[in-house]
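Here's a quick briefing to read alongside the model. Have the sequence and the 3D view open as you go.

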Amino acid sequence: MSYLAKPKFRNKEIEVNELGFTHRDYEGSISTLCAGCGHDSISAALIQACFELAIEPHRVAKLSGIGCSSKTPDYFLGPSHGFNSVHGRMPSVLTGANLANRELIYLGVSGDGDSASIGLGQFVHAVRRGVNMTYVCENNGVYGLTKGQFSATADKGSKSKGGAFNADSPIDLVSVALIAGASFVARSFSGDKKQLIPLLKAAIAHKGPAVIDIISPCVAFNNHAGSTKSYDFVREHNAAVNKIDFMDVHEEITLDQQPGTTQDVKQHDGSTIRLHKLHADYDPTDRVRAMNYLQERHAAGEVVTGLLYVDAEPEDLHTALNTYEAPLNRMNADVLCPGSAKLAALMDDYR
């Protein structure tokens, strides 16, 4: 028996969701990452989010590239579909899978090296095309598999474990996502499940490209004094723009708050994100204001977390391309081979 296999014993009193599934039904293999790695906390948050949403695991397709982050899909939703692609190329593989079958829930799991360096172009194009996905970047600022070199998201002036200082300006993935046209953009911290789990639930329910940049400290190479991706730094400099709860439309929504203290944002499926605003002037539906706010707080040395931007009426790639609703594997010959007349009409359109 593999040492990665988890025991199958089940407590009869264990909590189940509305489908009758337990947390174990959303788990995967035992993690081989370093003890204390933030990525494992993200896996646990994804397990909890899918459990609370009562998602059937087989309806999820999880895709990744290369790196410590790209190993994590093996550690959650074991019964789901999975594909580990080439370094930096996960977004195009996810796009192809999404076009072939829109009925699955797509989770793209990547890292700062996979998304902000070799895969930056892939990331931008998947976002700007409006692929309906939840794109999770597990961001630790280093290349953990190759012994801790600075990644493209490492802040200028940050210090490595070996004492070297980073002289390059960082790539801020949430800013890039906003510019590229993502309709849901958030940042969180792997050590803050109260914030992270509702954000993941809202992103999964969102129609369109939902990007969550999650600061996830590398305990082996980037969790020391001088690092801006360490546990201590993020806890001391975290500036949360909102406290978020996610309510499914099937549940009764109640509110006991003073007028003007909350903001409701409806998703495409009727579900609602309720924001408990900490900054009275912050509007998560204003893309330009969100970009300006990020730059202002970065200049002040703060790490902004929370829901940064959401489009209440998003469209996805299938809407733009007016694609056939049925998955490719369920199309019959009449749909796939419409005849010579349709082919002739199509050729006329290109003349």
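Helices (H or I, at least four residues) and strands (E, at least two) are DSSP runs here, numbered from the N terminus. This is a predicted model, so to speak of local features a pLDDT of at least 70 is needed, side-chain atom pairs count only at pLDDT 80 or more, and totals for chains, interfaces and linings use all residues. Residue numbers start from 1 along each chain as its sequence is written, and side-chain values use heavy atoms, with hydrogens and water left out.

**The chain overall**

- The protein chain has 12 helices and 13 strands.
- Of its 351 residues, 46% are buried, where buried means under 20% relative accessible area, exposed means over 50%, and partly exposed is in between (1.4 Å probe, protein chains only).
- Take the contacts in the protein chain with a separation of 6 or more: 69% of them come from residues 24 or more positions apart. Contact means heavy atoms within 4.5 Å.

- D213 sits in strand β8 (residues 209-215).
- With a relative accessible area of 2%, D213 is buried.
- Setting aside neighbours within four places in sequence, D213 touches C137, N139, L173, V174, A186, R187 and S188.
- Two side-chain polar contacts are listed for D213: one to N139 at 3.2 Å and one to R187 at 3.3 Å. A polar contact is a pair of N or O atoms within 3.5 Å; within protein, one must be able to donate a hydrogen and the other to accept it, and residues adjacent in sequence count only if both atoms are side-chain atoms.
- R187 is 26 residues from D213 along the chain, with 4.7 Å between their C-alpha atoms.

**T153 and K161, in one loop**

- T153 is in the loop between β6 (149-150) and α6, and K161 also lies in the loop between β6 and α6.
- Is T153 buried or exposed? Its relative accessibility is 3%, so T153 counts as buried.
- K161, in contrast, is exposed, with a relative accessible area of 57%.
- The T153 side chain makes a polar contact of 2.8 Å with the side chain of N139, a residue whose side chain also makes a polar contact with that of D213.
- From K161 to K147 is 14 residues in sequence and 10.0 Å in space, C-alpha to C-alpha.

**Helix α6 and its two helix partners**

- α6 is mostly covered, with six of its eight residues buried: L173, V174, S175, A177, L178 and A180.
- After α6 comes G181, which has a positive phi near 105 degrees.
- Two packed helices are described by the angle between their axes and the distance between the axes. Axes are lines fitted to C-alpha atoms, for helices over the stretch in contact, and angles run from 0 to 180 degrees between N-to-C directions.
- Helix α5 (residues 120-128) packs on helix α6 (residues 173-180) at an angle of about 40 degrees, with the axes 8 Å apart. That makes α5 oblique to α6; angles under 35 degrees count as roughly parallel, over 145 as roughly antiparallel, 65 to 115 as roughly perpendicular and the rest as oblique.
- The crossing of α5 past α6 is right-handed. A crossing is left-handed if the near helix is turned anticlockwise from the far one by less than a right angle, and right-handed if clockwise.
- F123, V124, V127 and R128 of α5 meet L173, V176, A177 and A180 of α6.
- That α5 and α6 contact has seven nonpolar, no polar and one charged residues. Ala, Val, Leu, Ile, Met, Phe, Trp, Tyr, Cys and Pro count as nonpolar, Asp, Glu, Lys and Arg as charged, and the others, Gly among them, as polar.
- α6 and helix α9 (residues 287-299) have axes that come within 10 Å and cross at roughly 160 degrees, which makes α6 roughly antiparallel to α9.
- α6 passes α9 in a left-handed crossing.
- On the α6 side, V174, S175, A177, L178 and I179 meet R287, A290, M291, L294 and Q295 of α9. By class, the residues of this contact are seven nonpolar, two polar and one charged.

**S64 in β1**

- S64 belongs to strand β1 (residues 60-64) and is buried, with a relative accessible area of 2%.
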